[in-house]
Amino acid sequence: MNPRAQPPAYKPQGGDQGAFPGDRELVARMSAGDDRALAQFYDRWCRPVYALVAHLVRDADDAEDVVEDTFWQAWRQASRYDSSRGEVSTWILTIARSRALDRVRSRRRLREEPLTPVPLADDVVIAVGSTTDPLREAEASERRALVADALRSLPAEQRQVLELAYFGGMSQTEIAERTGQPLGTVKTRTRLAAQKLRTALSVLRDEAHGGRSAQ
Amino acid sequence: MTPAAMSHDEAAELLEAAALDTLPADEQERVLSHAATCPICGPELARLRDSVALLAFAVPPVSGDPARLERVRTRLLARARGDVAVAEPSSHAAPGSHDDGGQVAAPARGGAARDSMRVERGRQRAGTLAVVGWALAAAATVAAVVVIGRDRERFTHQLLVERHEASAAVDSMRRLLDARDRMVAQLTGPQVAVVELTASGARAPSARMFWDRATDGWTFVAHDLPAPPAGRTYQLWLVTPASKVSAGTFAPEPNGDALVRATYPLPADSLRAVAVTEEPAGGSPQPTGPLVIAGTPGNRPGK
């Protein structure tokens with residue numbers, strides 16, 4: 001029987017777990033074709049995904065497309081999620097980043113804009129604001145602060161490598177060309193930066209492992 | 001062709017780069033391939049990936065237009081429901097599909113009355129079997145119609161999904177073309193003024209600012225800009241008699257090209273200069289760093 005054919009009826013199990021199913025549970029239900037799980041998963045992750053995508057593509061219409069592509073891919077590939085390779089947060093944000101960078105590269109091929117995101121002064125098309133839930137906003141703010149602190153704690157040259165790789169989607173060779181540094185230096189900085197980040201963000205990583213929600 | 005296997009030591013050296021996806025594709029594949037079976041590298045790569053993914057939370061909070069998120073939600077769930085419908089199996093649509101309805105036993109042959117009775121019984125039996133056969137044939141036909149109906153339904157769903165995807169692709173392309181049209185208009189329209197920016201040096205960068213007075217649109221295009229030093233960024237300024245207005249921070253591409261677009265209303269005669277300075281990462285409220293390139297409207301009068 002096709003596993004997508006008969007979505008299992010979702011019945012809250014009682015307690016927090018039933019009312020607020022974990023990410024892994026939602027993904028498992030998505031892989032069984034439960035579109036209500038997709039709705040919950042979207043509601044939980046759409047804002048962080050949108051924020052990341054909007055930051056990378058710098059265009060509200062493109063961001064809208066990419067966010068839809070991201071969750072559509074998550075829906076179609078939910079059965080391929082492998083928890084041994086990372087948390088659900090890693091999985092969905094990696095899909096989002098990848099789709100967004102694809103869009104930026106596609107526009108770059110049309111010579112529309114540089115790869116590096118360009119913040120604009122007065123025609124910023126993305127409205128900046130906050131979620132309507134103060135608790136979620138406080139948690140998101142705390143998480144943002146922790147990640148920002150972790151980034152700030154890195155030496156500037158290591159932070160630069162990390163940002164060019166993650167937000168710019170650059171390879172180590174491209175980073176070396178961009179910064180004028182030898183490739184070996186870029187490799188060393190990449191290693192050190194990622195190791196320090198792993199240590200500095202272990203608290204957040206553990207929280208994600210414990211199944212806390214995105215927002 | 002399968003890439004050559006990577007040793008543990010080699011892979012362990014590259015886990016961080018693999019987590020950031022900064023390796024060449026073949027090397028990335030070899031690292032992932034090793035990590036998939038290595039009890040040390042696999043979990044370590046997962047931890048690194050989880051840490052790297054958290055960088056996504058460093059971006060400024062953006063709620064966007066709530067209508068956009070709601071629109072995406074509606075489209076997504078409609079597609080997902082169509083997807084479930086498309087994937088619905090037809091397991092009960094072909095019950096056996098045995099085509100035995102028309103296979104009726106031949107009447108018994110014989111010359112006696114008994115035989116006649118047997119023949120009659122045989123005829124009756126044959127008639128009964130024929131009825132049963134026709135009933136089974138009819139049932140099979142109905143089943144076939146049901147199968148065809150279900151197939152048509154699935155096909156219709158498939159078409160709807162594909163039409164939606166095609167429509168989304170067309171919409172996306174249309175928006176892209178509209179954006180390009182707007183950009184071309186802001187570079188070539190009758191109300192566009194062009195300011196040439198110049199700099200000194202052996203490999204001096206060059207730049208132009210296109211000011212579309214009709215839409216208050218500003219398009220800055222530069223070439224041969226070196227990468228700013230670590231922790232620094234370039235910042236674009238519109239200089240008026242009253243103030244210096246930031247038009248945004250930016251970094252050039254590896255080849256030195258840069259493009260910045262902004263919208264800012266400015267009286268036609270108030271622009272004194274356009275300048276780029278080097279500033280601390282994140283930009284400054286007012287220029288503080290060295291001047292990189294600058295130009296005045298007089299360099300090239302507007303059309």
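## Helices and strands of chain B

In this predicted model, chain B contains 5 helices and 8 strands. Along the sequence the elements follow the pattern α-α-α-α-α-β-β-β-β-β-β-β-β.

Of the 303 residues in chain B, 27% are buried. Counting contacts between residues at least 6 apart in sequence, 59% join residues at least 24 apart.

## An open sheet

In chain B, 4 strands form an open sheet with antiparallel pairing, in the order S1-S2-S3-S6. The edges are strand S1 (192–197) and strand S6 (258–263); each has a single partner strand, so one side of each is left without a neighbour in the sheet. From one strand to the next, the twist averages 15°.

Strands of a sheet pair through backbone hydrogen bonds, and the pairing can be parallel or antiparallel. Strand S2 (residues 206–212) of chain B pairs with S3(B) in the antiparallel sense, over 7 bridges. Arg208(B) stands opposite Val221(B) in S3(B).

## The loop residue Leu225(B)

Leu225(B) lies in the loop between strand S3 (217–223) and strand S4 (232–239) of chain B. Is Leu225(B) buried or exposed? Leu225(B) is buried, because 23 other C-beta atoms lie within 10 Å, and the cut-off for a buried residue is 20 or more.

Leaving aside residues up to four places away in sequence, Leu225(B) touches Pro205(B), Pro252(B), Gly256(B) and Ala258(B). Pro205(B) and Leu225(B) are 20 residues apart in sequence, while their C-alpha atoms are 5.2 Å apart in space.

Definitions and conventions:
Residues are numbered from 1 along each chain as its sequence is written. Chains are lettered from A and ligands numbered from 1 in the order in which they are written. This is a predicted model: local features need pLDDT of at least 70, side-chain atom pairs count only at pLDDT 80 or more; totals for chains, interfaces and linings use all residues. Helices (H or I, at least four residues) and strands (E, at least two) are DSSP runs, numbered from the N terminus. A residue is buried if 20 or more other C-beta atoms lie within 10 Å of its own, exposed if 12 or fewer, and partly exposed in between; C-beta atoms are placed from the backbone. Two residues are in contact if their C-beta atoms, placed from the backbone, lie within 7 Å. Two strands pair if DSSP finds at least two bridges between them. Axes are lines fitted to C-alpha atoms, for helices over the stretch in contact, and angles run from 0 to 180 degrees between N-to-C directions.
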